[in-house]
Amino acid sequence: MFDYLIHLDKKLFVFLNNLGSTPFDSFWLLITQQTNWIAFFLILLFILFKKLGTKKLGIAILTLAALITFTNEITDVIKFSVQRIRPCNDDTLAGLIRVVKDSDTFSYFSGHASNSTASMMFVYLILRQCYKYTYLIFLYPLIFAYSRIYLGLHFPLDIISGYVFGSFTGILFYFLFDKISNKLINPTTHE
């Protein structure tokens, strides 16, 4: 069963990766760089500031930093435990895929997918009741993580697993943020 799943994962990767073409390579190289998303992050920061105010935003930023650190570290532990070879280094795929960028680190699971999904889930949970189309922020992890398939760096299962883990940690840290911020900003008085 596991071997069949890996086989399907590779087939899906080959299909998705081969949708790319050379004229679009530079675009996807830009998409995959987190620094190219700074304007998007600043807009989200401004929206959070308007919603939360200074004190609560400070707590949100600290929680978000802890979330990204936690997600990144657990992702790395899993990568080094599983040690799945990236598609760009998989000899069984040589000649079948487009390799736009290579890396000698491990593939499973995607840090780009887990971190971007975790942070967007966290932000979504804060803003979901304020803005009708808040769910659109999930386009960021979808596009960002797809760039990893396009470039030849991750299998679809790497991305999906990153999404699942990132969603879980985003929810977990949202509840942590909610509890901490309510305790610090709206403390209940005990008489």
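A search of the whole structure, which is a predicted model, finds 21 aromatic pairs. Rings of Phe, Tyr and Trp (its six-membered ring) pair if their centres lie within 6.5 Å; planes under 30 degrees apart count as stacked, over 60 as edge-to-face and the rest as tilted. Two of these pairs are listed here.

| Pair | Centre to centre | Angle between planes | Class |
|---|---|---|---|
| Phe13 and Phe155 | 5.3 Å | 65 degrees | edge-to-face |
| Phe70 and Phe173 | 5.6 Å | 45 degrees | tilted |

Helices are DSSP runs (H or I, at least four residues), numbered from the N terminus. Both Phe13 and Phe155 are buried, that is, under 20% relative accessible area, where exposed is over 50% and partly exposed in between (1.4 Å probe, protein chains only).

Phe70 in helix α3 (residues 38-82) and Phe173 in helix α6 are 103 residues apart, and their pair also links distant parts of the chain. Phe70 is partly exposed at 34% relative accessibility, whereas Phe173 is buried at 9%. Elsewhere, ring pairs join Trp37, Phe40, Phe41, Tyr140 and Phe144 into a cluster.

Tyr133 lies in the loop between α4 (111-127) and α5 (139-151). With a relative accessible area of 48%, Tyr133 is partly exposed.

Residues are numbered from 1 along each chain as its sequence is written. Local features need pLDDT of at least 70 and side-chain atom pairs pLDDT 80 or more, while totals for chains, interfaces and linings use all residues, and side-chain values use heavy atoms, without hydrogens and water.

Notes: Helices (H or I, at least four residues) and strands (E, at least two) are DSSP runs, numbered from the N terminus.
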